[in-house]
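Colleague: Hi! Could you walk me through this one?
Modeller: Happy to, let's have a look together.

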Amino acid sequence: MSDRPNLVRRTPWPESVSRAVTTPLQPSVVYSSPDPDALDDQYEGRAQGYTYGREGHPNADVLAQMIDRLEGGQGGLMTGSGMAAVTATMLGLLGQGDHIVAGDQLYGRSLRMLSRDLPKWGITATFADPTDVTAIEAAIAPNTKLLLIEAVSNPTLRLADMDGIERLARDRGLILVVDNTFTTPYGFPAYARGADVVIHSVTKLLAGHSDVTLGYVLARDPDARTAIYDTIVTLGLTPSPYDCWMAERGLYTFDMRFERAQANARALADLVAGHDAVEAVLYPGRSDHPDHNRAQALLGEAPGNMVSFRLAGGREAANAFTRAAPQLAFAPTLGDVGTTFSHPASSSHRGLTPEGRAALGITEGFFRVSVGCEPIALLTRDVTAALDAVAAIG
Ligand SMILES: *Cc1c(COP(=O)(O)O)cnc(C)c1O
């Protein structure tokens, strides 16, 4: 036996009569139980205890409880990304032969999952316009089991008929799944308004700093929750403790970030609307929004931080805009603490034909802005300079 010191047996955590104020980061994948009886109790739910990281860990549970409080539910589950949350919901709740009716302007990867990936498991989908509940109803088939809806469409910011869709789901016994990423619980309290399952990409506004990918699922029905949980654990969709810990840190300021970004968005929407280089602006909080009344009914005083606009002019105008504003991140995401611009024609909607994009109103001059928390004077200066540069090319 070597007389080298044993470093493998972990050194005990130092004692302290004072307690840390922040949540500890616990990266342990495995947990040691006192004996097999105790492990039995854990697995049978007679005692609370962690076993193996993929099956759950404290940093995920702390974060899930915080988001639960925002949605007004309990028992939410964290996943490694927003798409993992969509995956766990679809594969957990549906099986071969089941059919989904979904909004036709979902997040791009969700659209792809429903149209190209789920069919491999015998799950099919029909897409319909969620601003029109009769279109959603018409798409229901005898084997329809679930509706997947986003309250605000991406990138055109149209408002789904959430009240009509909620009634329809109730009447027809369908599971209503709402991806509440864009609206957040402050914009649209999806769970309180009747969704059976609420999904978030926590990557976006909730975590808020573009440094983690995480998702969240909240299911009302305990059996549905169990099915989704088992799918997360079996398919390995579990989040990393570090990401959860980072997102918890971000979430402490969600309230302030949301209010600040929204106030900036209102101001920016008005600024953009008044500029000659701009053909149209879409902001649910403006009276010229096509669904303004519904926006007021659904979002109340919280039209959110997302603004879209169409420059007069095509790709040349779009290039001039981004080149004149290098301080504003031109990046295909949303919800960062700083303002980001995305250009759907070259990114999220590049797979569509120009005609397909035109039908949605997405021209080469179309930008979607995720307004951040900069001082508004700075944003006004930079965006005005960029719009002036567009106007200068005529
Ligand atoms: C980003 C996003 C997702 C996917 O989330 P990831 O964390 O990127 O996997 C799903 N739905 C919506 C509405 C999103 O914006």
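This is a predicted model: local features need pLDDT of at least 70, side-chain atom pairs count only at pLDDT 80 or more; totals for chains, interfaces and linings use all residues.

Colleague: Okay, and how many cavities of 30 Å³ or more does the structure hold?
Modeller: There are five cavities of that size, 30 Å³ or more.

Colleague: Back to the largest cavity, which residues line it?
Modeller: Its lining is made of Val152, Leu157, Phe182, Thr183, Pro284, Leu299, Ala302, Pro303, Gly304, Asn305 and Met306. By class, eight of the lining residues are nonpolar and three are polar, with no charged ones.

Colleague: Why does the largest cavity lie between domain 1 and domain 2?
Modeller: Because domain 1 (56-251) and domain 2 (254-392) both contribute residues to the lining of the largest cavity.

Colleague: What's the volume of the second largest cavity?
Modeller: The second largest cavity comes to about 70 Å³. Its lining includes Leu205, Phe254, Arg257, Phe258 and Asp336. Asn305 is on the list for the second largest cavity, and Asn305 also lines the largest cavity.

Colleague: Switching topic: which pocket does the ligand take up?
Modeller: The ligand's space is the largest pocket.

Colleague: Which residues are around the ligand?
Modeller: They are Ser81, Gly82, Met83, Tyr107, Glu150, Asp179, Thr181, Ser201, Thr203, Lys204, Leu214 and Leu334. This shell divides into four nonpolar, five polar and three charged residues.

Colleague: How far are the polar side-chain atoms of Thr203 from ligand oxygen?
Modeller: One polar atom in the Thr203 side chain is 2.6 Å from an oxygen atom of the ligand. For Ser201, a side-chain N or O atom is 2.8 Å from a ligand oxygen. The side chain of Lys204 also has an N or O atom 2.8 Å from an oxygen atom of the ligand.

Colleague: How much of the ligand's exposed area does the protein bury?
Modeller: The protein buries 93% of the 380 Å² that the ligand exposes when taken alone.

Terms used. Residues are numbered from 1 along each chain as its sequence is written. Side-chain values use heavy atoms; hydrogens and water are left out. A residue is near a molecule or strand if one of its heavy atoms lies within 4 Å of it. A polar contact is a pair of N or O atoms within 3.5 Å; within protein, one must be able to donate a hydrogen and the other to accept it, and residues adjacent in sequence count only if both atoms are side-chain atoms. Accessible areas come from the Shrake-Rupley method with a 1.4 Å probe; for residues, only the protein chains shown count as cover. On a 1 Å grid over the protein atoms alone, a cavity is a set of points where a 1.4 Å probe fits but cannot get out, and a pocket is an open set with protein on both sides within 12 Å along at least five of seven lines; lining residues have an atom within 4 Å of a point. A molecule sits in a cavity or pocket if more than half of its atoms lie within 2 Å of its grid points. Ala, Val, Leu, Ile, Met, Phe, Trp, Tyr, Cys and Pro count as nonpolar, Asp, Glu, Lys and Arg as charged, and the others, Gly among them, as polar. Grid points are joined across faces, edges and corners, and a volume is the space filled by probe spheres set on the points. Domain bounds come from an automatic or database domain assignment.
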